[in-house]
Amino acid sequence: MSGNIFDDWIEIFKIGDHTDSSGNLQSWDQSDLDTIVDNYNPQVREAPLVIGHPKTDDPAYGWVEKLKRVGPVLLAKFKQVEPGFAEKVKNGRYKKRSISLLPGNTLRHVGFLGAATPAVEGLADFASMEFEVELITDQSDELSFYDIQRMLDRC
């Protein structure tokens, strides 16, 4: 694993039944995640990496470069991540993620959460992501984190 935890794809959402911050329950399937991926065009509307879910003009700590779906999980690749923020994530200050969508399932932002509980449970924490990748990458540098996680889940 590289020294920057943001060099890898990061889980940001997954299929299932999730309750939003307004208390609305919604079911998400793979086609919904595919829509989010297909709708994302950073040249038109680049989604920021933020702390929590800001209402107005809080700073961006990085940007979503691209999205992809692998199985039941939506993954993001980030760019221009502020080093101080990356260090806080690496140290466990912001282990959880939460996304915000615009109408039509277009990504608005990816919020990193500290003390708040995310609506989507079961996404890999950064601490466990780092451990699993470091544990296995000595054997194969060509596996992605998600490939390694899927192999571990089968054990």
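Let me start with the hairpin. In this predicted model, strands β7 and β8 form a hairpin with three residues between them. One of the turn residues, G104, has a positive phi of about 90°. The two strands pair in the antiparallel sense, over seven bridges.

N105 is found in the loop between β7 and β8. Is N105 buried or exposed? N105 has a relative accessible area of 19%. The cut-off for buried is under 20%, so N105 counts as buried. Which residues does N105 touch, leaving aside those up to four places away in sequence? They are W28, D32, T35, I36 and N39. Of the elements listed for the core, α1 covers residues 30-39, and D32, T35, I36 and N39 carry numbers in that range.

Now the other side of β8. Strand β4, residues 48-51, is joined to β8 by three bridges, and these two strands run parallel. Within that pairing, L49 stands opposite V110, and V50 has G111 as its bridge partner. As for β8 itself, seven of its eight residues are buried, so the strand is largely enclosed by the rest of the structure.

Next, the overall layout. The protein has four helices and eight strands. Along the sequence the pattern reads β-β-β-α-β-β-β-α-β-β-α-α.

What about the interior? The protein has 155 residues, and 40% of them count as buried. The largest nonpolar core has 25 residues. Those with the most contacts inside this core are F6, I12, V64, L67, F78 and F112. Which elements each supply at least two residues of the core? They are β1, α1, β5, β6, α2 and β8. As background, nonpolar side chains in soluble globular proteins tend to be buried together.

On contacts in general, take those between residues at least 6 apart in sequence: 59% of them join residues at least 24 apart.

Now the charged pairs. How many salt bridges does a search of the whole structure find? It finds two. One is between R69 and D34, with the closest N and O atoms 2.5 Å apart. R69 lies in strand β5 and D34 in helix α1, so the pair ties together parts that are 35 residues apart in sequence. R69 is partly exposed, at a relative accessible area of 27%. D34 is also partly exposed, at 28%.

The other salt bridge is between the side chains of E46 and K79, at 3.2 Å from N to O. This pair also links distant parts of the chain: E46 sits in the loop between α1 and β4, K79 sits in strand β6, and they are 33 residues apart. E46 has a relative accessible area of 28% and is partly exposed. K79 is partly exposed too, with 31%. In general, side chains of opposite charge can pair when their charged atoms come close.

Last, confidence. The average pLDDT for the protein is 79, and 72% of the residues score at least 70. Where is the pLDDT below 50? That is the case over residues 127-141. Beyond near neighbours in sequence, this stretch has 20 contacts in the model. Where pLDDT is low, the predicted coordinates should not be read in detail.

Notes. Residues are numbered from 1 along each chain as its sequence is written. This is a predicted model: local features need pLDDT of at least 70, side-chain atom pairs count only at pLDDT 80 or more; totals for chains, interfaces and linings use all residues. Side-chain values use heavy atoms; hydrogens and water are left out. pLDDT is the predictor's confidence in each residue, from 0 to 100. Contact means heavy atoms within 4.5 Å. A nonpolar core is a set of buried Ala, Val, Leu, Ile, Met, Phe, Trp, Tyr and Cys residues joined through side-chain atoms within 4.5 Å. Buried means under 20% relative accessible area, exposed over 50%, partly exposed in between (1.4 Å probe, protein chains only). Two strands pair if DSSP finds at least two bridges between them. A salt bridge is a side-chain nitrogen of Lys or Arg within 4 Å of a carboxyl oxygen of Asp or Glu.
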